[in-house]
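Please have a look at the sequence and the structure first.

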Amino acid sequence: MDFIDLPQCLGAGGVVRLPGSKSISNRVLLLAALAEGETEIRDLLVSDDTERMLDALRTLGVNIQPLPGAAGTDEAYTALNVRVGGVGGAFSVREAGLFLGNAGTAFRPLTAVLALMGGRYRLTGTPRMHERPIGDLVDALRQAGADIRYLATEGYPPLAIGPRAVPDGGESARKESAGRIRVRGDVSSQFLSALLMALPLIGGGTVEVVGELISRPYINITLATMARFGVDVCAEGVSAFIVPAGSYRSPGVVHVEGDASAASYFLALGALAGGPVRVEGVGRQSVQGDVRFVEALTAMGARVSLGENWIEAAAPVSGRLAAIDLDCNAIPDAAMTLAPLAVFADGVSTLRNIGSWRVKETDRLAAMAVELAKLGACVEEGADFLRITPPTDGVRPAMIDTYDDHRMAMCFSLASVGAPVRINDPGCVAKTFPEYFQHFARLTRVVPVIAIDGPSASGKGTVAARVAATLGWNYLDSGALYRLTALAAQRAGVAWDDEPAVAAIAAGLDVVFAEGSIRLAGEEVEDAIRQEEISSGASQVAVLPSVRAALLFRQRAFCRAPGLVADGRDMASVVFTDAALKVFLTASVEARAERRYKQLMAKGIAARLQPLLLEMQQRDDRDRGRSVAPLQQDANASLLDTTDIPIDVAVARVLDWARAVVPDIAGAAV
């Protein structure tokens with residue numbers, strides 16, 4: 001799917017069980033492969049990153065078998081249980097090429113392990129992986145005698161690895177301690193984690209951290225995982241880590257904790273949209289630093305509760321989040337979730353010490369600034385901070401780019417609490433949480449829609465406008481949008497065949513519909529869009545794919561609180577397929593021709609009934625035979641024939657149907 005459109009969220013609540021932690025999953029897989037003995041891994045995350053690690057380990061000769069009946073899906077995610085046959089410290093395959101995608105949790109530790117293994121390996125990834133720095137890790141490994149060459153740009157993957165240079169003495173010398181190794185700590189904590197996990201292979205050593213150590217909680221995950229496999233690292237504060245000589249030993253069975261970073265999106269949803277929302281699989285005893293995200297939520301006023309294996313969040317009693325000024329060094333991944341929250345907060349928020357965002361799946365700091373601005377926020381981007389001022393007139397509907405970054409996609413789903421949003425390339429969430437959007441939708445209550453379709457002059461426009469006025473809902477006359485696009489392009493001096501420019505105009509149309517009124521940028525234009533020249537322009541822009549795509553989102557952007565009534569030809573079948581109520585309004589062609597005749601005569605426009613009847617029949621044939629979104633009754637739509645009933649009766653019937661499916665409007669009067 002190229003995009004997913006999220007309607008405005010009116011509220012959220014429920015329970016979601018989290019997928020396994022990516023960071024824990026890949027650490028456990030690697031150490032289980034290096035250990036002595038077999039390890040059963042339970043609740044392993046199924047994602048692109050773990051698939052890259054599994055593929056690499058199998059290529060290196062590790063025996064990994066799914067346990068019988070282990071792969072399964074519950075209501076929240078797909079998990080995998082596997083048995084890993086440990087190699088006892090040395091892979092049997094000493095020459096291989098490994099493709100590791102954009103998985104930093106696979107690329108960095110495998111670089112360290114293979115550099116000390118004594119074989120020849122070639123490590124490659126996606127173009128973005130080749131833009132992520134690895135020079136500090138390579139420099140540190142070279143201090144231990146590693147033979148690593150850059151195959152393209154200095155300091156970046158892809159890499160060629162050769163046998164480690166060791167003193168004379170053969171295999172015994174190869175196992176000697178690496179001594180003291182220095183590595184920078186202010187670029188990526190994965191460099192230090194990779195060194196710590198690899199050093200037991202050569203008899204241990206001491207790693208000295210140069211500069212500030214960022215993301216210390218992820219180092220704690222590494223240390224805890226190593227300890228479970230029998231290697232206890234001695235930490236001298238945050239400046240040095242002493243890795244003892246020894247071998248990894250299987251603990252037998254390892255359960256992977258739920259992903260605390262993934263928890264942040266659902267907890268933020270509860271804090272924004274009422275809640276409570278509860279996540280299961282992670283709790284107060286978690287080894288993951290990102291559980292401290294709840295401290296930030298609490299500082300913003302959210303109501304948070306924690307149990308042994310669950311966390312729950314709900315909106316502040318006041319209903320409004322408070323702005324924060326926070327050093328985010330301890331929660332670099334979960335801190336991203338605070339950025340869209342800041343768009344809804346009272347006051348200016350500042351997220352500090354987030355320079356590591358720039359070397360992730362994308363330059364997250366720059367990307368976040370660009371996308372927040374689309375929502376109407378004022379954003380100041382610094383070298384390692386973001387300062388976010390919420391929009392003064394509410395969150396704007398926006399088409400969000402995700403930069404092939406799973407966390408960008410999941411973060412900006414939260415913007416739908418304020419307005420409809422389109423998330424481009426939502427499939428990128430497969431990196432860590434393939435089922436994310438299904439479960440986001442399951443937790444949310446969205447703006448209700450009444451979709452009314454039908455042929456020309458069936459009365460759908462009048463009925464829809466009156467139903468919307470009665471309910472106090474928004475109204476969309478979809479049939480006018482192509483005419484409005486043509487008119488707006490003409491007024492902007494844009495040629496109707498300039499597809500990119502017209503699509504941009506279509507996406508940003510400033511339109512307000514009401515019964516008997518269409519206003520474009522505040523000006524009444526109902527008569528202007530009926531001109532023959534504009535009708536011709538509408539036909540020209542309607543065939544442009546980019547314009548159609550832009551108007552699809554523009555139509556969905558009308559879906560704002562408290563609700564929407566939309567009329568057209570494909571509202572139920574294409575635009576609002578999940579509408580709370582779908583109606584297909586029709587009438588005999590003779591009745592519709594007579595209505596059109598009376599409308600024209602009332603406006604002082606000369607007309608004849610028979611030509612109008614013929615024109616109506618021809619238009620019906622064209623609308624039903626269209627290759628794109630032909631006029632047809634949706635399978636779930638209620639049929640309403642208005643041939644012999646007045647408009648007031650038709651309106652009343654639609655309202656009765658609406659009351660039956662949307663309880664909140666039970667008291668609306670005709």
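## Ground rules

This is a predicted model, in which local features need pLDDT of at least 70 and side-chain atom pairs count only at pLDDT 80 or more, while totals for chains, interfaces and linings use all residues. Residues are numbered from 1 along each chain as its sequence is written, and side-chain values use heavy atoms, with hydrogens and water left out.

## Cysteines

A disulfide is a covalent bond between the sulfur atoms of two cysteines. Here it is taken as a pair of cysteine sulfur atoms within 2.5 Å, and by this rule the count is zero. Cys9, for one, is in no disulfide: the nearest cysteine sulfur belongs to Cys559, 11 Å away.

Cys378 has its closest cysteine sulfur in Cys328, at 19 Å, which is too far for a bond. Are these two cysteines, Cys9 and Cys378, buried or exposed? Cys9 counts as buried because its relative accessibility is 4%, whereas Cys378, at 51%, counts as exposed. (Buried means under 20% relative accessible area, exposed over 50%, and partly exposed in between, with a 1.4 Å probe and protein chains only.)

## A three-stranded sheet

Strands here are DSSP runs of E of at least two residues, numbered from the N terminus, and helices are runs of H or I of at least four. Two strands pair if DSSP finds at least two bridges between them. An open sheet of three strands runs in the order β1-β24-β23, with mixed pairing. Its edge strands, β1 (3-6) and β23 (398-400), each pair on one side only.

β1 pairs with β24 (residues 421-424) in the antiparallel sense, over four bridges. Within this sheet, Asp5 has Arg422 of β24 as its bridge partner. Arg422 also lies over the face of Phe3, 3.7 Å from the ring centre. (A charge sits over a ring if NZ of Lys or CZ of Arg is within 6 Å of the ring centre and within 35 degrees of the ring normal.)

## Aromatic rings

Rings of Phe, Tyr and Trp (its six-membered ring) pair if their centres lie within 6.5 Å; planes under 30 degrees apart count as stacked, over 60 as edge-to-face and the rest as tilted. The structure holds eight aromatic pairs. One of them joins Tyr436 and Phe437 edge-to-face, at 5.2 Å centre to centre and 80° between the planes.

Phe513 and Phe558 form a tilted pair, with 5.6 Å between centres and 45° between planes. This pair links distant parts of the chain, 45 residues apart: Phe513 is in strand β28 (residues 511-514), and Phe558 is in the loop between α18 (545-556) and β31 (564-568). Phe513 counts as buried because its relative accessibility is 7%; Phe558, at 9%, also counts as buried. The charged end of Arg554 sits over the ring of Phe558, 4.6 Å from its centre.
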